Amino acid sequence: MKNLLILGAGTAGTMMANHLRHKMSKNDWNITIVDQYKTHYYQPGFLFLPFDTYTEDQVRKDKKKFIPKGVNYIQKKIEKIIHTENKVVLEDETLNYDILIVATGAKIAPEQVDGMNGPNWHKNVFDFYTFEGSLALRNYLREFKGGKMVVHFTEMPIKCPVAPLEFVFLADSYFRKKGMRDKVELTYVTPLGGAFTKPKATAALSYLLKEKNIKVVTDFAIESVDNDNNQILDYEGREVPYDVLVTVPTNMGDDLIKRSGMGDDLNFVPTNHFTLQSEVAKNIFVIGDASNVPASKAGSVAHFQAETLTDNILLYIDGKPLKEEFDGHANCFIETGNGKGLLIDFNYKQEPVEGKFPFPVVGPMSLLKETRLNHFGKMAFKWIYWNMLLKGIAIPFVSRNMSKLGKKLN
Amino acid sequence: MELNVAGKTINLTDDGYLADLSQWDKDVALAIAKEEEVALTDAHFKVIEWVQNQFKKGEALSVRGIKGSGVIDIKEFYALFPGGPLKKATRIAGIPKPKSCI
């Protein structure tokens, strides 16, 4: 018997367990998946939890429920990958592997900025990238009487790069509904040159910020959070005061990657952009947020990667050349508030553009344009995630590689 | 968009960044730096070289990341490229603008 080992039972790891158990011979291959945590969180739901749109139980389920029969599930801490010996050391045992899939994800690292996780962390300085942060923020907002809300992200790359913008749009909508929008000053602070950074999106969407009366501060490279005076400071000495700060800290790969000497400065694993084979060893593959590929860190990306990676693992076992196939495809619904949303479909080379999706002319979805249907798409996605995506079921009419059909290209 | 440097035509993206790093050389850097009102010195070129190497390695670029560069610290980075150092340094170095997905 040979061993295929998956590290991480999040979105990407769980999908790979489901794909591969169906495709690999049970007589020849053991499949084992390791994760230290018990709970699987629907991370896109962390955007909705603060606004009381979702409840706690809608965004969390038992991880075990999604691991298929015939896959050995181990809930233990992973100490180290010894890639020169094809071994993974867990807290109290060592596993050998023939093929390793790293799916250990990315997480927030607030300690990278002075004062961020200081005395006011989860008191009036919140993240919404963890269940705890998102829940604490919900409880805070229920009692919030008004003031300055600053929504901020530290640096790229972050998971779901558009989430901080969605947050500020939804905040506008939330305070409007509560009849207190005039009591809240909303400011969006970005380290980049603008709230939108791609030419087509900038042209199509800049109106949103004006329409919602959201102030924008650009090129803000945060140096510290000043907990005494409730303000953030950048390296040029600019100050942005807040009553409540909603921040996305630096995102980093798991410490395991650092302990194993396999990562870059942010603990992401160098990975071939097109085959998803790691650059560390030929029998190590990387999927989802854990890799350094320049695609968005998003569930849809992991879903498309999983289809290519499944094929490539089977090719690798047969000793055949890998498909250089993954194109960076991402497909994301974006909330713009007031019951509307956008849809973007893009890849490594093609920026998001306007058009129809998945079919030309008839759509029914519209790309890069606010519609009610796109908002319903985002809401329906939770069901798709729990019932299709994690199980490795293909989404009808949406192929692993980005299609140009229906897109308005130059 | 295009830029003419010493008789050569350099292709630029819509936001004024080099479309192809292989077209970059010191003359191109000097021409773009002039537009950005930065007078390039040896210290600037050390930073440019580091930024280009990070890009080629596929590493994410951030102001905070400069701490680990071993070339300069963040205050010096701002002094060399005032008002948006990452935006300016990447443009002069011929690598893409730091971007999000939209």
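Begin the tour by selecting A:Gln231, which stands opposite A:Pro241 in strand S17 of chain A. This is a predicted model, in which local features need pLDDT of at least 70, side-chain atom pairs count only at pLDDT 80 or more, and totals for chains, interfaces and linings use all residues. Residues are numbered from 1 along each chain as its sequence is written, chains are lettered from A and ligands numbered from 1 in the order in which they are written, and side-chain values use heavy atoms, with hydrogens and water left out.

Next, display the strands around this pair. S17(A) runs antiparallel to strand S16 (residues 231–234) of chain A, and three bridges join them. Both belong to an open, antiparallel sheet of three strands in the order S15-S16-S17; strands pair if DSSP finds at least two bridges between them. Strand S15 (222–226) and strand S17 (239–241) are the edges, each pairing on one side only. From one strand to the next the twist averages 20°. Helices (H or I, at least four residues) and strands (E, at least two) are DSSP runs, numbered from the N terminus.

Now select A:Asp219, in the loop between strand S14 (215–217) and S15 of chain A. A:Asp219 has a positive phi of about 55° although it is not a glycine. Its side chain meets that of B:Lys87 in a salt bridge (3.0 Å, N to O), the term requiring a side-chain nitrogen of Lys or Arg within 4 Å of a carboxyl oxygen of Asp or Glu. Three salt bridges are found across the interface of chain B and chain A.

Chain A contributes 30 residues and chain B 22 residues to the contact, defined by heavy atoms within 4.5 Å. About 2,300 Å² is buried between the chains, 56% of it from carbon and sulfur atoms; buried area is the accessible area (1.4 Å probe) that two parts lose on being put together, summed over both. Select B:Arg64, B:Cys101 and B:Ile102, which supply 36% of the area that chain B buries against chain A, more than any other three residues.

Finally, inspect backbone geometry elsewhere in chain A. The peptide bond from A:Phe357 to A:Pro358 is cis, with omega near -5°, and A:Pro358 is placed in strand S23 (residues 355–359). Another cis bond, with omega near 10°, links A:Gly363 to A:Pro364, the latter lying in strand S24 (residues 363–367). In the segment after helix H8 (372–389), select A:Phe397, whose phi is near 70°.

Definitions and conventions
Axes fitted to C-alpha atoms, helices over the stretch in contact; angles between N-to-C directions.
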